[in-house]
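Here is a short report on charged and aromatic side-chain contacts. Look through the structure, then read on.

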Amino acid sequence: MHKTLIYNIGLLATPVGKSARGGAAQGEIQKLENAWILAEEGQISEIGQGPGPDLEGFPGLAIDAGGRLVTPGLVDAHTHLVFGGWRENEFGLKLHGASYLEILAMGGGILSTVKATRSASEEELKEKAKEALLEMLSYGVTAVEAKSGYGLDRETELKQLQVIRSLQAEMPLDLAPTFMGAHALPPEYKENREEYIRLLCEEWIPQVAQEKLAEFCDVFCEKGVFTAEESRKILEAGKKHGLTPKIHADEIEAIGGAELTAELGAISAEHLIACRESGIQAMAKGGTIACLLPMTSFYLGADFAPARAMIEAGVPVAVASDFNPGSCPGLNLQLAMTMACLKYRLTPEEMLTAVTLNGAAAMNRADKLGSLEVGKQADLVIWQAQALEYLPYRLGSNLADVVIKKGEIVRVNS
Ligand code: NIG
Ligand code: FE
């Protein structure tokens, strides 16, 4: 049996449980000093304090944490991982005052990435996404949700999902695939949106589900993109075929996306910058996780989502990157952790839950990921830090040192 021992852990900090933690429980972290973790076949089999198992003749890999901080591997529960090209040309437009929705209406934005993604080969998309995953891993991220949505035609949407599937087979990260054919209306259907929605609901969703290419279905519910009514229809079609609903809601304007979550049983609502009280209440009622994306707020020069009101209403908050070539071309989740504390006013403990257990729950993987407990996967980070607060405090530095996935060392930064 393959064993791994991580010993001499100065502080082990982890949320506890197999489901999302909301309200006061979001800030309840277990902190163990002078701890060790034993993993067998990639799963945690024992956690203890004090000297731990005898190192002499230990039958496996023994890793000295050097008295430092250990947390669960970070979970990035919202990314648009697979895309062709970049959009640095929009940076100048932005600086001259063009808004995100104006750029999209001009045929830029998502639609320009759609062109680049359609013309890229599967191999090219895969190489590019792989580079991004390797960079994420270097920041301590060990699980990632990845959306399609830059194809907007059957072939390219499937190509994006195939890329995610083949990366899952080779990369040491857990990937959760989401079908997002409703990311924008493709130019071909500009005059015929009903037909595009019909294709999504009656042809593409059934095929994606049948080929098991995605677990979730997501819609960009936004002014000028898809209405709340259209979003409901698409997400219900997904549900009918076994795809769990997620929704991009209230990113720029509140048009009723968050309010849909309770009736749809959405696992998560994402962005929520402009979320209203009625949206927060719907999420609380539906047990929906609010997946917040502070780097996108920063990059768009927008407000920050009302995270404290959500926590007070008992809504579990996750924090993710939103990595994509438009509204957030960055994937450093540690930077999002700093912003979560400073801009959402999360405590470091609430923030840790947001980037581990609640992210895992938003990917329907809280039974095996997101905390360091017996029976969970041995995914963890040894940090260049002694204290939890040190992580959000050191703005912009990469503090992850050793990244461990299923009990194996997959990245060392020092
Ligand atoms: O989450 N909001 C929609 N989708 C992305 C942006 C995609 C893009 O600009 O390419 C987001 O912000
Ligand atoms: Fe997004």
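## An aromatic cluster

This is a predicted model. Start with its rings: Phe83, Trp86, Tyr150 and Phe323 make up one aromatic cluster.

A search of the whole structure gives 9 aromatic pairs. Among them is the pair of phenylalanine 83 and tryptophan 86. Their ring centres are 5.2 Å apart, and 80 degrees separate the planes. That makes the pair edge-to-face, because the angle is over 60 degrees. Tryptophan 86 has 47% and counts as partly exposed.

## A tilted pair between two helices

Phenylalanine 91 and tyrosine 299 also pair. Their ring centres lie 6.2 Å apart and their planes meet at 45 degrees, so this pair is tilted. Phenylalanine 91 belongs to helix α1 (residues 89-95), and tyrosine 299 to helix α10 (residues 294-300). The pair therefore ties together parts that are 208 residues apart in sequence.

Phenylalanine 91 is partly exposed at 39% relative accessibility. Tyrosine 299 is partly exposed as well, with a relative accessible area of 26%.

Side chains of opposite charge can pair when their charged atoms come close. The structure has 27 salt bridges. One of them joins arginine 87 and glutamate 90, at 2.8 Å from N to O. Both arginine 87 and glutamate 90 are buried.

Another salt bridge brings together glutamate 270 and lysine 147, with 3.0 Å from N to O. Which parts of the chain does this pair tie together? Glutamate 270 sits in strand β11 (residues 268-271) and lysine 147 in strand β7 (residues 141-147), so the linked parts are 123 residues apart in sequence. Both glutamate 270 and lysine 147 are buried.

Aspartate 379 and lysine 405 form a further salt bridge, at 2.4 Å from N to O. This pair links distant parts of the chain, 26 residues apart. Aspartate 379 is in the loop between α14 (357-362) and β14 (380-383), while lysine 405 is in strand β15 (residues 400-405). Both aspartate 379 and lysine 405 are buried.

## A network and a ring

Some salt bridges share partners. In this way Glu145, Lys147, Asp218, Lys246 and Glu270 are joined into one network.

Where does lysine 246 lie relative to phenylalanine 216? Lysine 246 is over the face of that ring, 4.9 Å from the ring centre.

Technical notes. Residues are numbered from 1 along each chain as its sequence is written. Chains are lettered from A and ligands numbered from 1 in the order in which they are written. This is a predicted model: local features need pLDDT of at least 70, side-chain atom pairs count only at pLDDT 80 or more; totals for chains, interfaces and linings use all residues. Side-chain values use heavy atoms; hydrogens and water are left out. A salt bridge is a side-chain nitrogen of Lys or Arg within 4 Å of a carboxyl oxygen of Asp or Glu. Buried means under 20% relative accessible area, exposed over 50%, partly exposed in between (1.4 Å probe, protein chains only). Helices (H or I, at least four residues) and strands (E, at least two) are DSSP runs, numbered from the N terminus. Rings of Phe, Tyr and Trp (its six-membered ring) pair if their centres lie within 6.5 Å; planes under 30 degrees apart count as stacked, over 60 as edge-to-face and the rest as tilted. A charge sits over a ring if NZ of Lys or CZ of Arg is within 6 Å of the ring centre and within 35 degrees of the ring normal.
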